[in-house]
Amino acid sequence: MSLHDRVALVTGAGRGIGRAIADRLADGGCRVVVADVDGASAEQAAAEIGVAYETETLGVGANVADATSVKQMVEAAVAAFGSVDILVNNAGITRDGLLLRMKEADWDQVLAVNLKGAFLCTQQAARLMAKGRWGRIVNIASIVGAMGNIGQANYVAAKAGLIGLTKTVAREYASRGITCNAVAPGFIDTAMTQALTEEIRAALLAQIPMQRLGSPEDVATTVAFLASEAAGYVTGQVVHVNGGMYM
Ligand SMILES: NC(=O)c1ccc[n+]([C@@H]2O[C@H](COP(=O)([O-])OP(=O)(O)OC[C@H]3O[C@@H](n4cnc5c(N)ncnc54)[C@H](O)[C@@H]3O)[C@@H](O)[C@H]2O)c1
């Protein structure tokens, strides 16, 4: 599962699942670029990870929905570490509401961050990976992208779109040694799910055979495998990490 000396860029890594992924990749020997729209959290996470795993890190404030910001983020990664070998498109937001009441702005914003953001980051990073004829792209989708979910038309459309993007990038770049896969988490214990009411949490737990929410580390270990040398023949796949909630 070697990750040694690879340069990994993780978006939305200031906290939550992205932070756990950044930790796990650093633990495996990567130099890590921690990017987040909240620049202060990115810098703090990068500093903590650097100390904890004795590796080089860079914290960057970047908005994945903004093409200029994404370009600057990738330029900063190249200036610091020479390239990007592993890209994890993790940044994501929710703006939930039933279809009839969903505001157009909430539709647009969720699509911009969750789907267009992955497109913009992949476009920049794939160019670099193609030069080195090696790359790993991992997109963080969601169980709901496969199942649908009441109140999440925008988010589900974005995550299902991300799965389609994953398969296309996998086909376009396979011949250049670049894999692209998606990890679809179930319900994971982060700020995103801590916002749910006790009632909804209880209803969710009843649907999970493992009878617990997942941890960010449950997702991070799967991402680390897909990012590693060992997963070189795995591409265009969606790996579900959901405690058996969807099979
Ligand atoms: N928590 C879950 O149950 C769950 C389940 C399935 C999928 N996911 C997906 O996992 C990913 C991480 O979720 P999380 O639970 O850790 O969420 P979180 O809200 O805890 O963290 C998301 C991070 O992304 C950052 N971010 C938001 N918009 C951004 C932007 N435009 N540019 C850069 N960074 C941005 C935030 O500042 C935050 O640090 C998301 O893509 C989410 O959709 C989460």
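Angles between axes under 35 degrees count as roughly parallel, those over 145 as roughly antiparallel, those of 65 to 115 as roughly perpendicular, and the rest as oblique. The structure is a predicted model, in which local features need pLDDT of at least 70 and side-chain atom pairs count only at pLDDT 80 or more, while totals for chains, interfaces and linings use all residues. Residues are numbered from 1 along each chain as its sequence is written, and side-chain values use heavy atoms, with hydrogens and water left out.

Helices (H or I, at least four residues) and strands (E, at least two) are DSSP runs, numbered from the N terminus. In this model, 7 strands form an open sheet with parallel pairing, in the order β3-β2-β1-β4-β5-β6-β7, where two strands pair if DSSP finds at least two bridges between them. Because β3 (57-61) and β7 (238-241) each have a single partner strand, they stand at the edges, and one side of each is left without a neighbour in the sheet. From one strand to the next, the twist averages 15°; axes are lines fitted to C-alpha atoms, for helices over the stretch in contact, and angles run from 0 to 180 degrees between N-to-C directions.

Within this sheet, β5 (residues 135-140) and β6 (residues 178-185) run parallel and are joined by 6 bridges, and asparagine 139 has alanine 182 of β6 as its bridge partner. Helix α6 (residues 153-173) packs on the sheet and touches β5, β6 and β7, its direction making about 160° with that of β6; contact here means heavy atoms within 4.5 Å. Helix α2 (residues 39-53), for its part, lies across β2 (31-36) and β3, running at about 175° to β3.

Two packed helices are described by the angle between their axes and the distance between the axes. For helix α1 (residues 16-27) and helix α9 (residues 216-227), the angle is about 50° and the axes are 8 Å apart, and α1 and α9 are therefore oblique to each other. Residues making the contact include Ile17, Ala20 and Arg24 of α1, together with Val219, Ala220 and Val223 of α9.

Two loop residues remain to be described. Arginine 133, in the loop between α4 (104-132) and β5, has a positive phi of about 50° although it is not a glycine, and because its relative accessibility is 52%, arginine 133 counts as exposed (buried means under 20% relative accessible area, exposed over 50%, partly exposed in between, with a 1.4 Å probe and protein chains only). Glutamine 211, in the loop between α8 (198-205) and α9, likewise has a positive phi, near 60°, and counts as exposed at 65% relative accessibility.
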